Amino acid sequence: MARDYFEVAVIGAGPGGITAAHYLQRAGITDFVILERADDFGGSWRDNFYPGLAVDVPTLFYQFPFARNPDWSRLFPDGPEIQRYNRDVARRLGLYAHFRGNSEVQREVWDERDQVWVLDIAGRESVTARFVINAVGGYINPKSTDQIPGTAEFTGTILRPNSWDPEYSCAGKRVALIGTGSSSVQILSAIADEAAGVDIYQRTPAWILPKPDAEISHRMRRVLALPGVVAALNGTVLALMELPLQLICNVLPRLPRSVLVTVLPQYDKIWRALYRLLLRTQVSNPADRAALIPGYGILAKRPILSSSFFPALESPTVSLITDPIERVTAGGIRTEDGLERPYDLIVMATGYELFTDPESYRIGGIVGESGQDLAADYRRNGLRSYGGSAHPGFPNRWSLVGPQGYVGVAWHTFIDLTARHAVRIIAETTRRKATVARVRPAAFDRWVSRMRRNEKLIRTYTVDCNPGLRTYFVNSQGDALYYRPQTISGAWWFSRHSPLGDYEFARGSRTISPTTQPVSDRHENEASA
């Protein structure tokens with residue numbers, strides 16, 4: 001089968017793909033393709049358009065650092081506004097010329113002879129690329145609806161947040177909403193008034209905190225449009241986070257574990273007492289109040305922001321169901337207490353395969369040097385990475401969303417840092433006239449050891465103080481790999497000035513050392529700008 005060749009292949013056209021493409025352009029690299037399984041840019045904001053969809057991070061921080069928008073309508077805009085912004089940025093950067101939609105990458109294989117990656121595309125020609133930047137987001141695929149028995153028997157409608165039917169009306173319908181994550185909370189708030197009845201099925205209660213949303217006035221937008229204002233706000237918030245992160249990553253991990261497991265639960269007791277007060281003012285039913293109190297710590301699972309969920313729960317047409325589901329039937333849902341409830345619509349808001357879980361990576365999906373399989377390595381040794389993006393045995397390849405990669409106040413901060421690092425190494429490889437860049441195993445081991453030292457507080461809290469919890473903070477192997485235990489300033493520095501000696505640059509079988517190809521400070525600055 002014929003193959004297209006590109007210098008760089010970017011997999012995914014969400015915020016990560018847009019960011020990677022931007023920095024490739026900044027580095028003067030124009031021979032790249034963006035491979036996307038759907039038909040447009042946007043990632044989750046393209047796929048999700050369910051009722052009530054909105055961002056849960058203030059949008060002054062939830063935007064590209066290189067394309068700040070002062071004209072948001074609200075502090076927490078809805079999904080369509082976020083998606084319009086994503087498409088507008090891609091258009092202004094000229095990325096549609098590099099875009100190849102309906103191109104799902106099913107397999108990545110390193111060709112040792114030609115020193116390129118061969119990407120198998122579903123139903124299309126393979127693509128080869130010297131370098132690969134995997135920009136697939138953190139929510140890889142929705143979990144199968146088959147996890148609940150009987151879904152195939154249901155004669156009504158089943159919808160998921162990422163595959164919502166915009167023509168479907170909930171007016172007058174009996175609705176079952178399975179799950180109490182962010183999507184469920186937003187959907188309930190949006191449909192509670194029009195549906196005949198909504199039952200929300202809760203397995204694990206969430207921390208649901210007030211959302212300080214507000215419209216942004218035209219006067220405030222004019223202020224935000226002044227040069228440097230939005231950047232200064234972002235910089236101020238990141239600077240304020242520096243001290244807490246210094247404590248979390250560099251100071252408190254020095255304390256004995258026995259001290260941490262004694263002190264940290266006290267922190268959660270204070271929050272739980274405050275949460276009970278909140279529920280007392282918002283929820284009138286004592287049984288619901290008791291059921292809504294989480295048994296895990298407030299930072300062990302991402303809190304949800306909503307000021308409309310509890311008022312919706314107070315509606316006489318909304319019920320909280322905590323009895324476990326036995327199965328879906330032809331007409332509705334039967335719980336383990338034997339009660340069957342009839343529904344017209346079941347909303348399966350049951351979550352996604354996450355980038356922190358080894359099971360999310362398919363055996364044979366990513367094959368590197370000497371047949372090394374990334375999924376098998378993750379299952380055997382746990383998820384690890386260098387700088388949140390690179391792995392030995394997989395040359396010329398980086399993942400923007402990798403284990404222990406997240407740092408910063410919002411998603412865009414994190415992917416900006418990993419994209420800068422990847423493009424910096426690609427540019428350096430090209431400058432040295434090399435064909436291969438490999439992270440050195442010794443450098444990888446040093447980085448992993450450092451992260452394990454720095455993660456002590458995070459791991460003690462999420463794993464030891466909250467045993468048995470499964471979230472995207474704690475994976476199926478019991479590892480806490482979502483957060484990168486590093487300060488923002490440290491991650492910023494690494495993205496621009498990480499030791500080039502941590503990589504081996506080679507052309508064919510010949511290693512090109514820094515002595516042979518001296519590093520130009522000027523070029524380093526250009527490549528990481």
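In strand 23, Thr 511 is the bridge partner of Ala 506. Arg 510, also in strand 23, is the bridge partner of Arg 507. The structure is a predicted model, in which local features need pLDDT of at least 70, side-chain atom pairs count only at pLDDT 80 or more, and totals for chains, interfaces and linings use all residues. Residues are numbered from 1 along each chain as its sequence is written, and side-chain values use heavy atoms, with hydrogens and water left out.

Strand 22 and strand 23 (residues 510–511) pair in the antiparallel sense over two bridges. Strands here are DSSP runs of E, at least two residues long, and helices are runs of H or I, at least four residues long; both are numbered from the N terminus. Two strands count as paired if DSSP finds at least two bridges between them. Strand 21 (residues 436–439) and strand 22 (residues 503–507) are also antiparallel, with four bridges. Here Tyr 503 of strand 22 is the bridge partner of Val 439. The three strands form an open sheet in the order 21-22-23, with antiparallel pairing. Strand 21 and strand 23 are the edge strands, each pairing on one side only. Strands of a sheet pair through backbone hydrogen bonds.

Tyr 503 also belongs to a cluster of linked ring pairs. Rings of Phe, Tyr and Trp (its six-membered ring) pair if their centres lie within 6.5 Å; planes under 30 degrees apart count as stacked, over 60 as edge-to-face and the rest as tilted. A search of the whole structure finds 30 aromatic pairs. One of them, Tyr 406 with Trp 411, is tilted, at 6.1 Å centre to centre and 40 degrees between the planes. Tyr 406 is buried, at 10% relative accessibility. Trp 411 is buried too, at 16%. Buried means under 20% relative accessible area, exposed over 50%, and partly exposed in between (1.4 Å probe, protein chains only).

Lys 173 lies over the face of Tyr 168, 5.1 Å from the ring centre. The criterion is NZ of Lys or CZ of Arg within 6 Å of the ring centre and within 35 degrees of the ring normal.

Trp 271 lies in helix 7 (residues 257–282). Trp 271 is partly exposed, with a relative accessible area of 32%.
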